[in-house]
Every structure is written in structure tokens, then in C-alpha cells.
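Let's take a friendly walk through some local details of this model. Please have your viewer open as we go.

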Amino acid sequence: MPEPQNPAAEGVKDAAAPAGNTDHLPGEGPQLSELTGLFVLRPESVTATKGKDITFVAKVDSSNLIKRPVMKWLKGKWLDLGSKAGKHLQFKESYDRNTKIYTYEMSIIKVVDGDAGGYRCEVTSKDKCDSCTFEVSVQGRSGDRHLITLLSSSIRPSSIFMCLKLGLHLLSHSQSILNTTRQKKERKEEPEVDVWEILKNAKPCDYEKIAFQYGITDLRGMLKRLKKMKAESKKSDAFLKKLDPAYSVDKGQKIHLTVEVADPDVPVKWFKNGQEIKPSAKYVFESVGNKRTLTINKCNLSDDAAYECVVGEEKCFTEVFVKEPPITITKLLDDVHTVVGERVEFEVEVSEEGANVIWMKDGVELNRDTAGSKYRLKKDGKRHILIINEATKEDIGTYYVYTNGGESKAELEVEDKELEVLQNIADLTVKASEQAVFKCEVSDEKVTGKWFKDGVEVEASDRIKISHIGRIHKLTINDVKASDAGDYTFVPDGYALSLSAKLNFLEIKIEYVPRQDPPKIFLDTGSSGGKNNITVVAGNKLRLDVQITGEPAPTVCWMKGDQVRKNWLSSFTSHHTRVLSEAEGRVRVESEKNVCSFVIEGAEKADEGQYSITVTNPVGEDKADLFVRVVDVPNPPENVKCTSVGEDSAIITWDPPAFDGGVAVKGYLMERKKIGSPRWTKLNFDVYESTTYEAKKMIEGVLYEMRVFAVNGIGISQPSASSKPFMPIAPTSEPTRLTVHDVTDSTCALKWLPPEKIGAGGIDGYIIEYCKEGSDQWVRANEEPVGNIHYRVKGLPVGEKMLFRVIAVNIAGHSPPAILSQAVTIREIMENPKIRLPRRLRTKFITQVGEKVNLVIPFQGKPRPVVTWYKDGVPMEDRTVGTRTSEVDTILFIRSAERVHSGKYTLSVQIENMSDSADIHIQVVEKPGPPIAVHVTDIWGFNAALEWKPPKDDGNCEIIGYTIQKADKKTKEWFTVYEHNRRPSCTVSDLVMGNEYSFRVFSENICGLSDEPGISKNTAVITKTGLLYNPSPYKEMDVSSCPKFTAPLVDRSVIAGYSAAISCAVRGNPKPKIIWMKNRMILGEDPKFLMQNNQGVLTLNIRKPSLFDGGRYSCRAINDLGEDEVECTLEVRGMSMQFSLPTTM
């Protein structure tokens, strides 16, 4: 697809960009960590079109660098885009060894509004670094909507909410599929987590922890969104229930938008993108009681918009996202094997008409702008075709086609085209003044050539004509002379090939003698060994010219075997005049002057045999014999079959052809194709001599079939019958981690993990075998393969040492076995009972009233221990407390906890006279009751003293504080005065003169505030007084002082990739100016560092430090009275292991 052409993004600059200047303190030189001019090409700010692709290019000169440079692409101040790589963001790196220049590319696929903002690229190499910034602005609108990431501050809040929910859902779904594949067990997905609901109910001090847990990096945007959500949560007078922030629907489905209004008779209006919606077949309005419903039928992309419901002056908003089904590939690409100059077509079929596909070759996209005249893209309904008009060696490679729901690839192999000779030139024997024509035919009509006579090029003239029509090349010599005799050769241009023939000049002298001559046959077939053998290709024409002399003219008789062929007689007059033969057919004899010609039109196998010619006249007789041999292409090979298969290969065998055509078979040509594809792919261009062939480079799990051609000196046979379909597939690797899980007197339980390499054949099951130690007689333990990854072998002899092995089975056969390294003695092992009490149960377990209690406590012991539960030292008989016990653990569960369930629970496990026990303390708590006896004890000035007594019911836990509120009699609005007050008394200050106040107190424990407050029995009346206060004149004190650090910087050692902070404290008046430095270099406005000053406490935050950020940091405070400075050392260590965020399922 087209990309915006921008010199900053795609162009290559002729000169290196100047290095960025850095400021130094007076008297100091540049340090090793300063910005250096590493960039040869810097990306610049661009304006992108929404929905299009854009690529940024940066080039770095590494000729003066010791280590390989490392490039980081950042958005804003902190966001590392490397962690966001995928279909939307793609990164590429290349290196030119000649110029020693690294090229880094960042591509944004289908730009959306959320991609707008500031970007920065930063390159580091040991002690050198360089960075540059650029801006991306987005203009125009696209017909498609995309889910926008949470990191963009310009997105509507409802879109953020929907993206987060969909992202968590997709992450949960993908993890569930992965676990299903590995464990082969179905697991139900847990309900979605609404992060915003968690944040609204959480304390402000927990915001950062929750954001880190759910992957939210834009804390400032999160706080703004949370503040707006709290403001929106105010109760509406018109709506009982508003629209959800966002809805999602599949294309073609319908969706219902429902609100509940307070007044059932109030009119409701619906709007889409600010325009009012009218009822129609697509938009249906429903009103049932207080519910108002808008139904959108057959949703399409135009329905992806913002909707609002208006009741009077109040509105509620939502967004509808329409999801398109993915476009899948129904017919995959086929590999193509061709020769130079041929036309190549790659064809793919998708699930829907009009779908967009992307063609790529070796990672480079092919489109109408970049393909030029070399490639042509064609659409025909669901079919998409890539056409290469004339294939060359440069077109060899892998071709890909992508849709939003699948991909396919195919290989193109191009071989040099070989020139085939379809008809060779033949020797000619001509007489004076006759015409000689040399003719040949080659496979390529574009090939030109030259004619040579005895090594000298033949030039065209009035008598000698050279012609080239299609694939036929002719040399015509008119009025042949004796000087024209010689060797003629045709040489095609550009090929190491030559065709030769001989021109014989026949000079006939006629002498009239009175005497009679006996007949004589002059027969020359050109065969060696004195035998007259003639070979002719089936279907070709045979013409044998035989010169005959004799006076008077002899009679000629042709015979095949011992039979005289009908009408095969001819005679010559004494004056050598032509006598026409009466035979006119496929096999005939023609006579002309002293030449008798034997002609066979379209030679057949039946024409092969022994022939003889007899000439007689009154003077004598002569006879000559010749053998005509008819040759043809061979029959097709027989019995083509696949004998064995591998992961990507197969062994093919066949039988030679029953008839070799009269010429020995030189070899074979093989072709293969995928089942369902009409295109055959050649596997070899050179003749293969053996009848066994290993076909390679096949795709595992795909059905193929083969066919074979036989080749002899005449040509290529018809193809053989196709082989039966076969599929390249390989057995799995051996199972892994085979261990013994349990041993009894006659059984042994085994466990293992699936093979690391499974392949397309999958796994049908496992076979378990065992044998005694020292023996090689393996006994199969299971009749049918088991599908589980555990099995208990039964019926084993007691006390014997046994070996076990497990074999994976699939359609391709058995895998190599996984064998236990040591023999197992079949004898039950006594194991003392032991309780494995979880860490969280080793201290008091606290839960609230009404919650479920489910405690799982594992234990061990053999044979199976006897489990007993006690409560407060007495066997447990409470029916509301249940227990369940298995072989390895016991469960204590309470469906709804009550305070009576509090106490000490004791678990005892016993085997014969051995036992073990563990105590579990459970405390069931609830909110406390209200404080009692709240009253005002004293009033003075603008103050009032309160006292109260602790609540009668403390909720079964300690009272951790009290919350005191006040309200005046005029407004009767309650305001909080104190929170978490520890004592049962307090003094309320800053009361307003002339007002009468009431007070109430809430008690608080670990469950929260009490539901009901304790209200004061009396009130506090603040009376007016007539006192007049005359303050003494204020004398301003001089507090000026030079800067002085009260808390120094402390040396720190941090881990790379985790944010760090260093702090110190300073005082001084007037307020000093603060300068932060690294290795004596002023940090300035570097976005990697965030500097804060809170009431003299100075903090330098370092965002995800790398090894490059280690060094000496110093802080300098300066004002008019002086300056002070502190410093520390920051060591950045590499990460020894990788951590990943927990995945919510």
C-alpha cells in the first residue's frame, strides 16, 4: 500500500547531521558522556494520513565505535516502543559492511489518531550517545476504526475503557488457548476485571501499585480519567440507568442500547455522531415501562460511531465498535518451478470478495506503485493473482500474501532455458543446377543464428538465401555448383550448440555407347560395418534415393522379407525418361531419371524389417539388402509409488517402461503437485538415471502426488499414472521428564511431559513398557495408547527392580523411547505423616462475616494417614463447618462465616503410632457498633471538648480509631473533623461564633467504619464575646541564609530497567536555584530525568535506567548569598533474570 513520501522519513541525506551541542560549567571540558554526532540521517517531523503507513529511517555511523550501537525508539518521555512491537509497530535493522553504517527503521502500520505526538530515538554505544526528537501529526479520517492504546492522552475516556476491557479479554483468551494445548485440559475463563472500578474503590496511596499490576504506564492520564469518572458518577435526575461507556458487535449482527428513565412518559431522543436518528427498518425504537431501547439491525462499518440518548436537558453517551470478521485464505499459494522468460502466476483465493491483500517478496511489499511493469496485480472475485510477465533469475525467492486473518507463501525457482533441437539438418546429395535446402527447427522462435561453410560464414546473395521464420531456419542454394559441396553448420547465437550437415555434389555424365551394360545399384545408407541399416523416428517421413544404372533401362523390384509388395515395380526407358509408379499410398516407390526413391510417409512400428531391391535387364541382374529400423519415444514408467516419508521428504520408486521405443532409456524426469492444485512442479531439469528418488522441500502435513516421465534419445514419454496421495510427516520426539510418582507393593505410577517436537501428525497416545533390570524383554503395559501423561502400571512382582519406558505414537509411527535412568524397586515405602501448612495459615487467619472460607492443607505419608479435625481441643461437630480429605490434602470450608466460627482449629494426621498436628487460628470479624455516651464536656472560646465510650460490640477485633464529624443547626450538613482518632475524646476547634453544633462519632476497625454513628446528647453553642484584641507591632525577622544541604545524597546500586530515584534536602533564603549534574555535566531538560522540589526536598527520578546511566551524580544549590553541593555514586547492574507481569485469565 502507498506510503507518504517524506524526505525526513525515507530520504538519504548527503551530509552527516551536526552533533548536538551541550553546555559545560565554567572551566570544565566536555566529558565522555556528552552527546556526539553518531547520526548520519535523523528522522524529522511529518504529517501522516490516517489509515496509511509511514516509515521513519535513522542511520548511524559505527566506524569510530568500539561496540555495536543500541537504538531505542521512545514516545513521549518514558514509553519504550520496543515493548509494543507487533502488527501496528514494526522495527527493522540492517548493516552495510562497506560503509559501516547501521540503518534503523520504525514503521507505523495504518496510522490512527493515537499515534500523534512527540517521539524520540536514542542511540548508545558504551561511552557515546546521541538522540533526536520528531513530531507526528495525523490528518484526515479513515473508514475503519481501530482500538487505540491507553497511552494516548487524546482518546475519549469511553474508548480507553473499552480498549482496556477488550485487551484484558483477548489476553485472557490467548493464555487459555495456550494452557489447553499444553495440558490438554479445558479451563473456563475467569470473568473480566474492571480496572476502573478497582481504582474508584481503592485508596489514593494504592493507585501506583494497581497501575503497575494492570500495565497502565500513563499515570497522569489515568488520574485525569479517574477524576472525570468520579465526577460523572453523580446521581442523575432523568436517568435511573445510563448507557455503558462502550459496546462491541460483530459485523452483520444487531445490538441493543438500553437506558432506564425516571419518568416513564418523558420523550427520548437518540443521536448518532450529533445527528438525530429517525425510526426505520434499521433503527428500531422500543419503550417498555421505564426502559428505552434502540436496536440497530445488520450492523456495518458505518454504524461504528458515537451515540447519545437525550432526556430533556440531560444526556448520556456511548460508543459502538463494529468488528469485521477476519479475511481467511481458502486456497494457498503453490510453488512454481520455471525457466527464464516464461510467464509466472501466483494465485490465492480468500473468503470474501473485494478483500484487500498484501503481496511481498523477501520482506518487500509489492504494490502498483513499486511493482512497475515487472509485476501485475489482478483481482477476480475472491481470486487474487500476482503475474510476472517474463521471469528472470532476479525473481527467485519467497513470495508471501497476507490478509488480516491469514497468510501463505510459495517458492519461485527459475532455471536457465535450454535450447532444444526439434529438427536437425540432414545431408544432401544434389546434381548440378538443382536446388539445395538445409532446414532446422529449434524450440525458441526468438533465437537467431549464423550459417557456416567449412568454417567460413555464409553470406546471403541472389543465389544463396537465408531465412528465419518462427522456429525454422533455412539455407537455400539455387543452381547448385560443384564449388558448393562441403560441410555446412548452423550455430544459434548465445548457445554452445551447432548443427552440421554435408552437401554432396552429384555429377552425372551420360555417354552413349553402343554396347549394353548390366544393371548396377548404388546404395549408400551411411551405416558402418558394411550393413545397410536405416533408422527412422516413428511418425517421420523416410525417403531413400537409390541410383540405378544399366542399359537397357532395368526393372526395379522392391521386396519386404520374401514378399513382393504390390505395385512396387518400376522401370526406366532406355532414354532415361521418367516412368511414374502406379503405387500411390503411404508406402510407395517413385522413379525419376536414374534414381528410384523408396518413400514411407509417417513411419510406423509395423514398417520395421528387412527390405531388398532387385534390378534386372537383359544383360544381367543386381540386388541390394537393407534393414529399416523404426524408433519412438518410450512408454510411460509404471508402478509409481511412495515407499517411505520423512518430515519434509519422501522416497519415490517406479518400474522402467515396458517398451523403451527401440532406444535405451537415458533417465527420468519427475513432477509433483499438491492435492487439489492443478499445477505440476518439476523436480529436476537434468535427466535422473535411477528408479528411486528422494523428493525434498515439502510441507509437513500436506498431501502430494507424483508422476514420472521416461527419456530416451528420441524424446520424452507421456507422463505415468499419478502415484497414490502421500503426506510428509515424521514421528514425534521422545517424551520428556519421565519420573516415578508413586510405588506400592504391586504398582508403579509414572508421570511425564509431552515431546518437545510433535509436528503436524499430533499425538495419538502413549505406550508404556517395562522389563526387569538386566533383561531386554520389554513387556507392554497398556493394550491401547493412553491419552493422559500419567499412568499406573499394575501387576508388578514385589521386590523386583524394574525399568520403565514411554513411547509416543502418531500416524507416522513410534517415537524414540523415554527411559528411566535408574531401576525402581517395587515395594511400598513407609513415609512418616507430615503436614505442609501453607505460610499464610501459620499466623492468624482473619475473614469477614458472610465470606467463604476454603482452606486447603496438603500433607504426606504412606500408607494413607487418618485425618482428624478438632476445634478448641474438642472433635469438631459443627455442621456448618465442612471438611473433605483426599490422599494428599484436606480441605476445611465454611460457606458463610459467622463469628461463632472463630477459634483454634487443630488438624491431626496419624499412621499407626506416628502422628503430626497443626493449629490454625481463625478470626471472623465484622464492622463495630457505634460509640456510646457521646457528649460535649466543655466549651471555651471557639473550641468544644467531646468524650465518649468505646462501642459495646467491637466486631470481634480491635478498635483502631474514631471518625468525628460536626454539623451546625443552620445547614445541618456534616463535615469530618478528625479521622483515625485513637482516644475516646477530642477537642474540636475553629468553630464559628454564634453557631450551635451537633457532633457524631463513628468507630473503626479493620473492616471499616461502623454503620451507625454515636450522636452527641447535647450541643455546643459558641457565644459571642466583646473582647478586642490589640496585637503588638510585628517586627520582621531576617531569615536570609546561604544554601545548606541538611540531608546529603546517598550512594545507590539499582537494577537496569527499574525506575530509580535519589534524594537530598536543602535550606536557604532566598530560595536557591537547583542544578542537577551527571559526571559534572548539567542534565538540563533531558526527558529521561524528572526533577522535583517539594518544600526543600529534592528528588531526581531516573526512568528505567540502563548501564549507560551509571556514574557520579551531584546536586548544586545557588542563591545570592552562596552555594553548596553534594554528590553520590549510582551503580546500575544488569538484570540476572527476566520477570513478566501476571496474566489475568
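Where is the place of Pro1070? This is a predicted model, and in it Pro1070 sits in the loop between strand E81 (1060-1069) and strand E82 (1073-1078). The peptide bond joining Asn1069 to Pro1070 is cis, with omega of about 5°.

A cis bond also connects Glu551 and Pro552, where omega is about -10°. Pro552 belongs to the loop between strand E39 (542-551) and strand E40 (555-560). For context, most peptide bonds are trans.

## Positive phi angles

Most residues other than glycine have a negative phi, which makes the next two worth a look. Lys298, not a glycine, has a positive phi of about 45°. You will find Lys298 in the loop between strand E16 (291-296) and strand E17 (306-311), and its relative accessible area of 66% makes it exposed.

Ala933 also has a positive phi, near 55°. Its place is in strand E70 (residues 932-940), and with a relative accessible area of 28%, Ala933 is partly exposed.

## Cysteines without disulfides

How many disulfides does the count come to? The count is zero. For Cys132, the closest cysteine sulfur is that of Cys121, at 3.0 Å. That is too far for a bond, because a disulfide needs the two sulfur atoms within 2.5 Å. Cys132 is buried, at 8% relative accessible area.

Cys1115 is in no disulfide either; its nearest cysteine sulfur, from Cys1064, is 4.1 Å away. Cys1115 is buried too, with a relative accessible area of 0%.

## Aromatic pairs

The count of aromatic pairs comes to 18. In one of them, the ring centres of Tyr95 and Tyr102 are 4.4 Å apart with the planes at 35°, so this pair is tilted. Tyr95 is partly exposed at 37% relative accessibility, whereas Tyr102 is buried at 11%.

Trp752 and Tyr766 make an edge-to-face pair, with 5.5 Å from centre to centre and 70° between the planes. This pair links distant parts of the chain, 14 residues apart: Trp752 is in strand E53 (residues 748-753) and Tyr766 in strand E54 (residues 765-772). Trp752 is buried, with a relative accessible area of 2%, and Tyr766 is buried as well, at 1%. Elsewhere, ring pairs join Phe56, Trp73, Tyr119 and Phe134 in a cluster.

## Charges over rings

Which ring does the charged end of Lys1078 sit over? The ring is that of Phe1108, with its centre 4.5 Å away. Lys673 lies over the face of Trp680, 5.4 Å from the ring centre.

Definitions and conventions:
Residues are numbered from 1 along each chain as its sequence is written. This is a predicted model: local features need pLDDT of at least 70, side-chain atom pairs count only at pLDDT 80 or more; totals for chains, interfaces and linings use all residues. Side-chain values use heavy atoms; hydrogens and water are left out. Helices (H or I, at least four residues) and strands (E, at least two) are DSSP runs, numbered from the N terminus. Buried means under 20% relative accessible area, exposed over 50%, partly exposed in between (1.4 Å probe, protein chains only). Rings of Phe, Tyr and Trp (its six-membered ring) pair if their centres lie within 6.5 Å; planes under 30 degrees apart count as stacked, over 60 as edge-to-face and the rest as tilted. A charge sits over a ring if NZ of Lys or CZ of Arg is within 6 Å of the ring centre and within 35 degrees of the ring normal.
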